[in-house]
Amino acid sequence: MNLSNLKDFRNSVAGYFDLSADLIPQAEAEAAIREGVSFRGTNIIILIIAIFIASLGLNTNSTAVIIGAMLISPLMGPIIGIGLAVGIHDFDLIKRSFRNLMAAAFFSVATSTLYFLISPVNEGHSELLARTSPTIYDVFIGFFGGAAGILAIGSKVKGNVIPGVAIATALMPPLCTVGYGLATFQMTYFLGALYLFFINSVFIACATTVGVKLMRYHLKDFSNPERARRVRNLVYTIALLTMIPACYLTWRMYRQSTFQANCDRFVEQQFDFEGTQVLHSSAVMKGDDKTLTVSLIGKVIPQDSLMLALTDRLPDYNLGGTRLKIIQGDSGENLFDPTVATSTMLRDMYQETQHTINSQRAIIDSLRAVNAAICRNDTIGATLAPEIKVLFPEVADIAVTRAIVSNIDTRRLDTLNIAFVHYSRPMTAAQTAKFRQYLEARLSLKSVKIEAAH
């Protein structure tokens with residue numbers, strides 16, 4: 001490729017990134033940004049409403065509701081204003097934007113704190129938890145979101161950029177989570193979410209400053225270059241200091257992720273035994289203390305031999321220093337403990353076992369009742385003998401039993417209580433009727449048929 005073709009190719013590529021035809025005048029872009037900086041009247045009411053909506057979304061763990069609140073929120077205005085002010089050396093705008101941002105943050109945190117103080121649901125859901133551990137990725141999200149925002153404000157083509165930036169940078173949920181932390185006295189939520197909001201604000205403002213420089217906006221104040229330099233250096237220092245904790249948290253996240261991946265690979269490759277399966281594995285790392293717990297089900301393997309063989313293989317998976325804990329059926333540990341029995345398979349097995357036990361218990365209770373009735377009938381004669389001897393001296397022997405009678409025509413089954421009686425001398429019909437009434441009352445039966453035994 002000759003120099004002429006290379007130059008044409010470069011010009012062709014550069015044409016795709018030429019913004020000159022799309023940019024609006026600086027005065028028009030500045031007017032739009034300055035208008036969004038103010039937080040009075042309608043803006044502050046909309047902000048409070050958006051905070052309530054976002055708090056409801058976080059409380060109910062509804063992503064759709066949270067996204068709606070981020071689209072409503074006017075929080076981006078003062079942050080973009082700070083970035084513009086630093087870029088064009090407008091020190092009055094810096095003060096006004098910063099003052100309005102602090103007011104907006106105060107009203108947001110106060111509103112969310114009030115909501116979570118009166119809310120009956122105080123459990124932290126995943127949408128809350130996701131906003132308490134910022135990483136370097138949140139720095140990039142804030143910066144590139146701010147870059148997209150200033151380009152959209154400064155160009156003729158708006159599209160869906162501004163709503164997209166509001167969703168991507170997620171300024172509202174962290175402030176709601178800060179309020180949740182205050183309302184429930186949980187400093188982890190409070191500090192983590194506050195740091196995430198600070199990251200977003202700082203890097204949206206930094207991206208705006210860079211965008212203003214690239215679009216070559218004219219400076220407002222030429223009279224004090226030393227002051228402008230100090231402000232610039234302060235902004236860069238704040239940005240650098242903001243990144244340091246995020247880098248540390250990212251490193252911790254990477255360590256945890258790598259440890260989890262190594263543990264998964266170790267369990268998959270080393271716990272392959274015939275007749276024994278891995279029920280559940282858990283990898284926990286707290287500082288330098290690392291533990292891998294594996295629960296096995298099936299054929300029991302000698303514990304000492306298993307531990308000795310597998311512990312020596314841990315360094316091969318970059319798991320040196322990890323404490324291996326193996327739980328089997330004979331380990332003396334309760335596999336149904338909630339800290340261990342977290343797999344669906346174990347839970348289903350436990351529920352099925354409980355169902356079987358309950359069914360068998362009902363059958364046993366039924367058989368016990370039948371057996372008790374049979375035993376009572378077998379001994380009822382001896383129990384009633386003293387009474388019968390006084391009331392009905394004509395009765396010499398008695399046996400009470402229960403029979404199942406089947407009707408030949410209808411095949412209907414019925415229960416029949418029968419008393420077989422051997423008389424020492426005959427009883428009149430009236431005495432027999434009275435005897436039947438006595439047996440029905442004494443045995444708590446609806447009817448008793450008396451048969452004479454020969």
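**Pocket and sheets of a predicted model**

Student: Which residues lie nearest the centre of the largest pocket?
Tutor: The model is predicted: local features need pLDDT of at least 70, side-chain atom pairs count only at pLDDT 80 or more, and totals for chains, interfaces and linings use all residues. Residues are numbered from 1 along each chain as its sequence is written, while side-chain values use heavy atoms, leaving out hydrogens and water. A pocket is an open set of points on a 1 Å grid over the protein atoms alone, where a 1.4 Å probe fits, with protein on both sides within 12 Å along at least five of seven lines; lining residues have an atom within 4 Å of a point. Of the 25 lining residues, those nearest the centre are I82, F98, F198, V202 and I238.

Student: Which helices each supply at least two residues of that lining?
Tutor: Helices (H or I, at least four residues) and strands (E, at least two) are DSSP runs, numbered from the N terminus. The protein has 15 helices and six strands. The suppliers of at least two lining residues each are α5 (76-88), α6 (91-118), α11 (187-214) and α12.

Student: How many residues of the lining are nonpolar?
Tutor: Ala, Val, Leu, Ile, Met, Phe, Trp, Tyr, Cys and Pro count as nonpolar; Asp, Glu, Lys and Arg as charged; the others, Gly among them, as polar. Two lining residues are polar and two are charged. The nonpolar count is 21.

Student: How many bridges pair β1 with β2?
Tutor: Strands pair if DSSP finds at least two bridges between them. β1 and β2 are antiparallel and form a hairpin with two residues between them. T276 has G298 of β2 as its bridge partner. The bridges number ten.

Student: Which residue of β3 stands opposite T293?
Tutor: Strand β2 covers residues 289-298. β2 and β3 run parallel, joined by five bridges. Opposite T293 stands K325.

Student: How many residues of β2 are buried?
Tutor: Buried means under 20% relative accessible area (1.4 Å probe, protein chains only). In the protein, 37% of the 454 residues are buried. β2 is mostly covered. Of its ten residues, the buried ones number seven.

Student: In β5, which residue is the bridge partner of A399?
Tutor: Strand β5 covers residues 413-423. β4 and β5 run antiparallel, joined by eleven bridges. The partner of A399 is F420.

Methods:
Buried means under 20% relative accessible area, exposed over 50%, partly exposed in between (1.4 Å probe, protein chains only).
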